[in-house]
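Student: I have a structure to study. Can we go through the ligand and a pocket together?

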Amino acid sequence: MDHNQTTGAAGESYPSTRRIQRLSGHLSPSEHIHPSIPPQLRLQACARVNLEVDTEKLSVYMRGKHRELQDKVYEYFNSKPELKTPLEISKDDHRELCMRQLLGLVREGGIRPFCHVFDDPGKYFALLEAIGSVDMSLGIKMGVQYSLWGGSVINLGTKRHRDKYFDAIDSVEYPGCFAMTELHHGSNVQGLQTVAKFDPLTDEFVIDTPNDGAIKWWIGNAAVHGKFATVFARLILPTHDARGTTDMGVHAFIVPIRDMKTHQTLPGIEIQDCGHKIGLNGVDNGALRFCSVRIPRENLLNRFGDVSRDGKYTSSLPTINKRFAATLGELVGGRVGLAYSSVGVLKIAVTVAIRYSLLRQQFGPPKQPEVSILDYQSHQHKLMPMLASTYAFHFATLHLVEKYSEMKKTHDDQLVSDVHALSAGLKAYITSYTAKSLSACREACGGHGYAAVNRFGSLRNDHDIFQTFEGDNTVLLQQVAADLLKQYKEKFQGGTLAVTWNYLRESMNTYLSQPNPVTARWEGEDHLRDPKFQLDAFRYRTSRLLQSAAVRLRKHTKTLGSFGAWNRCLNHLLTLGESHIESVILAKFIEAVQRCPDPSTQAALKLVCDLYALERIWKDIGTYRNVDYMAPNKAKAIHKLTEYLSFLVRNVARELVDAFDLPDHVTRAPIAMKSDAYSHYTQYVGF
Ligand SMILES: Cc1cc2nc3c(=O)[nH]c(=O)nc-3n(C[C@H](O)[C@H](O)[C@H](O)COP(=O)(O)OP(=O)(O)OC[C@H]3O[C@@H](n4cnc5c(N)ncnc54)[C@H](O)[C@@H]3O)c2cc1C
């Protein structure tokens with residue numbers, strides 16, 4: 001007999017299983033409900049949930065501290081119809097419009113995002129979200145100017161750079177680029193080949209592109225508007241030995257690329273246009289080639305390593321690897337911004353899809369009115385977990401921004417590594433999720449979702465590259481897995497765990513013992529909706545994946561070496577990274593529910609949080625079943641409860657999307673307007 005089998009052919013339990021079921025019934029924290037009781041009755045407790053949602057209160061709780069700042073952005077663009085991006089626009093016109101939008105916002109609208117990059121990142125990211133929702137190209141153009149170009153100058157440079165460049169970057173007098181990626185090297189930044197050789201005779205660096213593979217590629221602001229670029233290049237210093245030079249690794253340099261007055265490309269620099277893209281055509285991406293371009297020594301961004309007049313290298317960090325890590329560590333703000341903005345995009349898409357689905361009616365019972373398409377279980381299944389995920393990501397990214405801001409203030413080493421992994425993981429997980437959801441939302445709106453005016457096309461195309469730039473998602477998730485393995489090793493060597501990882505201490509121990517056969521059978525609603533059960537399940541999965549990944553890596557390293565072993569376990573490691581990030585997201589959501597001061601708002605959030613948790617568990621039910629962490633009836637109960645919670649969330653879906661508080665001109669899609677959507681739409685077509 002198969003010992004894992006719990007029921008006979010006719011479906012009746014084996015005696016041992018029945019004993020355990022009975023026992024678990026006694027121990028269950030909720031009343032034990034027999035599986036034969038229909039779901040509607042089992043779920044009576046759910047129906048007792050207070051479904052009154054006060055949109056205003058929920059919105060105030062969600063909105064955070066910086067709504068006024070975002071409103072200033074919306075007001076500015078509302079007052080400037082000539083700056084609105086039309087649906088049909090050529091690449092060149094879009095680029096010019098985008099520059100006018102940025103200049104207008106900064107110089108006329110008085111919105112100055114640059115100082116917030118350093119003094120209050122939360123404000124900066126809130127601005128980025130609002131500006132990106134007006135036109136995503138504008139959000140990215142602003143990110144290139146302030147976060148990438150400006151951020152690299154201030155974070156990697158020292159006082160002399162701040163004094164010279166800050167004001168002109170702030171006012172966009174110095175539009176600039178961030179030139180890291182090359183034709184042959186994107187993700188592998190340590191493989192960059194552009195060189196910056198120190199010439200002690202003239203006290204200059206000479207920047208060169210040694211081969212076509214080293215041409216800087218995809219550089220935002222380079223094709224048309226940029227006057228400067230932060231160029232990442234290998235620092236080459238002369239030595240007095242037989243080799244003649246030493247490669248000090250990748251460093252960053254400020255290189256002027258166009259004349260300040262004439263805007264002509266400067267001598268030794270060749271600029272080409274990367275051309276028309278799938279999306280983000282308001283951003284002028286270009287390619288840069290350098291041929292003996294001379295820049296003064298002080299243009300080295302010298303916070304982590306400096307070169308003296310006589311060509312001596314000094315650094316407070318002992319190795320090339322440490323300097324490289326410190327340099328890249330200063331650039332994680334870009335990832336935080338993308339994760340945050342991606343949630344903003346998801347909010348827009350979910351709002352459009354849900355408002356439309358509530359309004360749209362197709363079919364119905366015989367001789368009765370047609371029903372809203374959101375009354376179909378399949379439609380609820382498509383959109384309600386997505387709505388729940390949007391809420392979950394909202395709180396997770398707020399947490400990320402808080403941690404990032406704290407890190408910028410304290411420079412605490414532990415926090416730096418924590419934020420590095422957290423930003424990599426959340427950026428990868430959220431942008432991948434949003435990219436898939438944009439297609440699902442389009443499809444959920446049928447043919448009308450395909451009209452460009454309803455926004456899904458531009459949102460999807462513009463957002464798609466979020467999965468790749470600022471770190472490819474597959475590469476970033478590996479950084480999360482690597483960090484977990486490092487923590488795991490430290491744990492077994494008696495070290496301390498980073499704050500975000502703390503839970504592993506407890507759950508690893510739980511994992512090392514067998515799943516509890518009693519709790520594996522609890523299926524009462526109170527138990528399934530208990531945050532402890534949900535979080536334990538998420539964390540159990542992560543701990544298990546971590547433990548087995550460590551064992552597999554150790555085994556394969558003996559024969560394949562560390563690179564080969566990593567590759568042999570790569571899919572496993574990516575699942576581990578995702579699983580950990582999901583645990584963090586759920587933990588932050590649960591905390592946000594518990595913190596909520598208003599009881600009815602808290603009840604609404606709890607409902608959405610339960611849907612998020614149970615749907616994720618159900619999606620991965622095979623993992624839990626394989627190790628008997630959940631018995632078959634418990635799995636079934638989770639499925640039914642997930643469907644029911646989707647139904648309950650559907651009943652308050654309008655309030656839940658309204659609480660995102662997106663102004664109409666942000667959702668903009670006629671099919672999503674709050675009142676009389678069809679007439680907005682027919683008017684747009686010209687009736
Ligand atoms: C619109 C746009 C704007 C950009 N703006 C800028 C800019 O302003 N400045 C700048 O410097 N760069 C910019 N970039 C470049 C961007 O940062 C890179 O494209 C990105 O880092 C990915 O590098 P890559 O294109 O070389 O991809 P690759 O690294 O070649 O990746 C290709 C594929 O291989 C997979 N892969 C790679 N390595 C691994 C691995 N170790 N394990 C498993 N799979 C792997 C990836 O998952 C991916 O699917 C921009 C790109 C675009 C498209």
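Student: How many residues surround the ligand?

Tutor: This is a predicted model: local features need pLDDT of at least 70, side-chain atom pairs count only at pLDDT 80 or more, and totals for chains, interfaces and linings use all residues. Residues are numbered from 1 along each chain as its sequence is written, and side-chain values use heavy atoms, leaving out hydrogens and water. The closest are F178, T181, S187, W218 and D472, and the number surrounding the ligand is 17.

Student: How far is an N or O atom in the side chain of S187 from an oxygen atom of the ligand?

Tutor: A polar contact here is a pair of N or O atoms within 3.5 Å. For the side chain of S187, the distance is 2.5 Å.

Student: How much of the ligand's accessible area does the protein cover?

Tutor: Accessible areas come from the Shrake-Rupley method with a 1.4 Å probe. On its own, the ligand has 960 Å². The protein covers 65%.

Student: Which elements give two or more residues to the shell around the ligand?

Tutor: Helices (H or I, at least four residues) and strands (E, at least two) are DSSP runs, numbered from the N terminus. The elements are β4 (216-220) and α16 (473-492).

Student: Which element gives the most to the lining of the second largest pocket?

Tutor: A pocket is an open set of points on a 1 Å grid, where a 1.4 Å probe fits, with protein on both sides within 12 Å along at least five of seven lines; lining residues have an atom within 4 Å of a point. This one is lined by 34 residues. With 5 residues, the top contributor is α15.

Note on methods. A residue is near a molecule or strand if one of its heavy atoms lies within 4 Å of it. A polar contact is a pair of N or O atoms within 3.5 Å; within protein, one must be able to donate a hydrogen and the other to accept it, and residues adjacent in sequence count only if both atoms are side-chain atoms.
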